[in-house]
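The sequence and the structure come first, and the remarks follow them.

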Amino acid sequence: MKLKTVGIVCAIIVSLTFYFVFSVYFLPDSYQSLKKPIPEPYLSKISFSESDIQYGSSFDINITGTNLGDASDIQIISIGFPNLTSLDDRVKITSYDFRQSPFFIEIGDDVGINYGDTSESILAQYPSIEAYSRPWKSNETYQISLSVTPDKPGKFVVFVKSVGLPHTSEKSHLPKDGFLDYQNEFVKVYNVFVNTP
Amino acid sequence: MNLQNVISGKQRFLLGCSMVSFGILMTSSAGSWDITNHLLNKPETFFSLPHLFLYLGVAISSVGTGVMVLGNRHVFDQQKFKLSKKLVLIGLPMVILAAPFDYFWHLAFGLDGLLSPSHFALTFGLFLASIGALSGIVSYPKSKFTISHSLLTVLGFLPIWLTATGILYMFSLPFSETEYFDFNPDPTFAVIFATLSYPLLISTVLFMSYKINKRFGVLTITGSCFLFINAITSIFINDFLFTTIPFYLATIIPFFISDIILSFTKRKILQFAAGAILGSTAFMVYYPLITYVYNGVFTQKVVFPSLIAHVYSELMVSVYPLLVGIMIVLGVIGAALGGYILSRGDAVKQVLGEAKPQS
């Protein structure tokens, strides 16, 4: 009887030791060494209907993005309008097939910086549209089309970028270099000339 | 031949309680799935698959309430089931009223967070009704306390555990900031609250599940079912967490050991030791969502769903050793609390029985 009790006590001690060593040290250690996903955003099409327009008319932007890397939790295509003060009546989404509805970001809205590597944020300095899919799996492709009406004559600038989150590598953003925006993220710069009537 | 002729009033009452418990189990499991679905897919419509199961569970519970009430009418000693019926009849209407409230909250304020008035009313109503249903199941005559009846108590305990977890999540997870409201708890409060309440809940529920049945295996089955439900609704559907399922299910080991201790000894100190073991598993049982609670104070990273396992394992190595002592103490308190609740329950039953004898 006593031997049976000793046996049970020993079995309990061994099982608990195994469990806690396994759970607290062995498995977390192996999970920490798991490969982190590396999303690779790619913009397969960025087209502008016009490069030169008359003041008061509109032009269309069509952007198609793909994820060439691992599945991302969130992947964003951002289209910024540094010449505009508001998106109202100036930028209209004509079509999109993203999983979620695009975000309209106005001046003063809270936005992330440095590709979301930290939880820091900054106030938006110009309006933009963020089209995103959550999640955006490998090799999935999404598109968005916009109609834009510039509010004054002159050079009308459009910034385009795509970011995959989690941002685990330099591959997780596009473009890889070039012009840095206020979020400290690289953007492709496009110009449309708006002629005075 | 109608139902009334086939089974007795007491059996119908038991069937009703079981249906209420099953419905709430479905609702609370769907609620857990819904939290993960929001995290992974950010649904933009109220009409999602988790919501369908959630309200299907409410419908089953409502039918169960009807069966329970009809069954109770034909029960000779109605007084015995009074508390049970009362709790279900308070809880279920709260849930039913919360449903349209939840829908209109969605319409008015868009995507809602985890903690909102409608979600709280829904979860608290489920919690009350699940206590009522379990109370009805355990009030069934002791002479009929068979293995199948023990399994029914497992069915009764699971929704209590899941709905109570839902309430604790509301006050500890940072998922309640929306465009219009910020109901997120302060990160430090959330850590303290989770560290105290999670182990207390696990220990209380599992200790009671053993004590009510006094049968080896019930605690392990109850704990394992909870782990399986959480694994399916929170881990399995996140591709990146799939490899962590063995780690998660390994928690069956301490449940099994606590079950052995409670089954083979009646010594108080060893019963508290079983409670201590149960309390110490809180950090594992509430994986993966617990990552968001402790990250708010310790790692302070942006926790994307694909990185949960990385952040959690970092917290496991650095934070769990600091908290395990507190969790053990809370586990002991949970066992004592479980014993106290059961003794109070017996006292209430005795008082009710003596106050209005039926024969």
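This is a predicted model: local features need pLDDT of at least 70, side-chain atom pairs count only at pLDDT 80 or more; totals for chains, interfaces and linings use all residues.

1. Residues are numbered from 1 along each chain as its sequence is written, chains are lettered from A and ligands numbered from 1 in the order in which they are written, and side-chain values use heavy atoms, with hydrogens and water left out.

2. In chain B, helix α7 (residues 187-213) packs against helix α11 (residues 268-280) at an angle of about 135°, and their axes are 8 Å apart. This angle makes α7(B) oblique to α11(B); angles under 35 degrees count as roughly parallel, over 145 as roughly antiparallel, 65 to 115 as roughly perpendicular and the rest as oblique. The axes are lines fitted to C-alpha atoms, for helices over the stretch in contact, and the angles run from 0 to 180 degrees between N-to-C directions. Helices (H or I, at least four residues) and strands (E, at least two) are DSSP runs, numbered from the N terminus.

3. The residues that α7(B) brings to this contact (heavy atoms within 4.5 Å) are B:Pro199, B:Ile202, B:Ser203, B:Leu206, B:Phe207 and B:Lys211, and those of α11(B) are B:Gln271, B:Gly275, B:Leu278 and B:Gly279. By class, the contact of α7(B) with α11(B) has five nonpolar, four polar and one charged residues.

4. B:Ser306 is buried, with a relative accessible area of 3%; buried means under 20%, exposed over 50% and partly exposed in between, with a 1.4 Å probe and protein chains only. Leaving aside neighbours within four places in sequence, B:Ser306 is in contact with A:Pro37, A:Asp73, A:Pro166 and B:Phe240. The side chains of B:Ser306 and A:Asp73 make a polar contact at 2.5 Å, a polar contact being a pair of N or O atoms within 3.5 Å of which, within protein, one must be able to donate a hydrogen and the other to accept it, while residues adjacent in sequence count only if both atoms are side-chain atoms.

5. One joins A:Leu165 and A:Pro166, with omega about 5°, and A:Pro166 has its place in the loop between β11 (154-165) and β12 (173-174) of chain A. Another joins B:Tyr287 and B:Pro288, also with omega about 5°, and B:Pro288 is found in the loop between α12 (282-285) and α13 of chain B.

6. Which residue has a positive phi of about 65° although it is not a glycine? That residue is A:Asn139, found in the loop between β9 (128-133) and β10 (141-148) of chain A and exposed at 55% relative accessibility. For A:Asn184, also not a glycine, phi is positive and near 60°; A:Asn184 lies in the loop between β13 (179-180) and β14 (186-195) of chain A and counts as partly exposed at 39%.

7. B:Asn37 lies in helix α2 (residues 9-41) of chain B and counts as buried at 12% relative accessibility. The side chain of B:Asn37 makes a polar contact with that of B:Asn41 at 2.7 Å.

Technical notes. Ala, Val, Leu, Ile, Met, Phe, Trp, Tyr, Cys and Pro count as nonpolar, Asp, Glu, Lys and Arg as charged, and the others, Gly among them, as polar.
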